[in-house]
Each structure stands twice: as C-alpha cells, then as structure tokens.
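Hi,

Here is the structure I promised to pass on. Have a look at it first, then read my notes below.

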Amino acid sequence: IDQIAEELTAKSFVDEVVYDKPLISLLNENVTKISFWILVISAIFTFIAELLINSSIRLSVYSKRFTIKTMQMVGATKRFIRRPFVWQSVKLGMIGAVLALVGMGLVLYY
C-alpha cells in the first residue's frame with residue numbers, strides 16, 4: 001500500500017494520498033487468518049471427498065462381483081474390467097464439477 005501511495009503521490013495531478021494504516025494492517029491480518037482456516041477446511045473436505053469416492057467405487061465393485069468373476073474366468077484383463085468403473089467415476093466427477101461451477105456462478109451473479 002505504501003508503494004502504491006508513493007506512486008500516486010508522484011503523479012502531478014495528485015496532491016496527497018490519505019488512508020488508514022492501522023485499518024489496512026488489521027485487514028491484512030484478518031485475511032491471513034481467514035485464508036489459513038479456509039485452507040484447513042478445504043483440506044478436510046478434500047479428505048472427505050476422497051473417502052466418499054473410495055467407498056462408492058468399492059460398493060460398485062462389490063455389487064458387480066459376480067459379473068467381474070465371470071469376466072475373469074473368461075479371460076478378461078484387470079485393465080478391461082477396471083475401465084468401466086473408472087469411466088463412471090470420471091463422468092460423475094465431471095457432472096459434479098459442472099454442477100458446482102453452475103452453483104458458484106449463480107451465487108456470484110446474485
């Protein structure tokens with residue numbers, strides 16, 4: 001802020017730059033504290049999301065275990081069996097991301 005004030009004061013059409021220095025420092029401290037807690041909360045939510053994704057994939061594999069066993073007996077590779085589960089997870093992730101972006105856009109627009 002001091003650097004910006006000096007640059008503005010150097011302009012010929014600016015006589016004086018006045019701002020509340022204690023308020024700016026208090027604002028910077030609060031932004032730092034809030035940023036830290038947002039980072040902590042987002043890390044917790046990321047961990048929860050990973051747990052939910054892992055659980056949903058496990059449930060999906062468990063529900064199709066007989067089909068998977070049949071495919072293994074016929075000679076399907078692990079990669080061939082795994083591919084539909086991965087693609088389904090990717091599609092659901094994309095849909096979730098689009099819905100989240102639309103929701104954030106609506107909130108920001110409002």
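Let's start with Ser60, which sits in helix H2 (helices are DSSP runs of H or I with at least four residues, strands are runs of E with at least two, and both are numbered from the N terminus). Is Ser60 buried or exposed? Ser60 counts as buried because its relative accessibility is 16%; buried means under 20% relative accessible area, exposed means over 50%, and partly exposed is in between, using a 1.4 Å probe and protein chains only. Leaving out residues up to four places away in sequence, Ser60 touches Phe85 and Gln88, where a contact means heavy atoms within 4.5 Å.

Before you go further, a word on the source: this is a predicted model, where local features need pLDDT of at least 70, side-chain atom pairs count only at pLDDT 80 or more, and totals for chains, interfaces and linings use all residues. Residues are numbered from 1 along each chain as its sequence is written, and side-chain values use heavy atoms, with hydrogens and water left out.

Ile57 lies in helix H2, which covers residues 21–63, and with 31% relative accessibility Ile57 counts as partly exposed. Ile57 and Ser89 are 32 residues apart in sequence, yet their C-alpha atoms are 7.6 Å apart in space. Ala43 is also in helix H2, and at 46% relative accessibility Ala43 counts as partly exposed. What about Ala43 and Thr9, 34 residues apart along the chain? Their C-alpha atoms are separated by 43 Å.

Now zoom out. The protein chain has four helices and zero strands, so from the N terminus on its elements run α-α-α-α. The chain is more spread out than a compact globule, because its radius of gyration is 27 Å, well over the 13 Å that the globule rule gives for 110 residues (the radius is taken over C-alpha atoms, and the rule is 2.2 Å times the number of residues to the power 0.38). Along the principal axes, the C-alpha atoms fill a box of roughly 85 × 30 × 25 Å. Buried residues make up 5% of the 110 residues.

As for charge, the chain carries 12 positive and 8 negative side chains, with the centres of the two sets 42 Å apart. Lys and Arg count as positive, Asp and Glu as negative, and His and the chain ends are not counted; each charge is placed at NZ of Lys, CZ of Arg, CG of Asp or CD of Glu.

Finally, the UniProt record (an unreviewed entry) lists "transmembrane region" for residues 34–53 and 89–109; positions are in the numbering used here, feature names are shortened, and annotations may be inferred rather than shown by experiment. Residues 34–53 are 100% helix, with end C-alpha atoms 28 Å apart. Residues 89–109 are 100% helix too, and there the end C-alpha atoms are 30 Å apart.

Cheers
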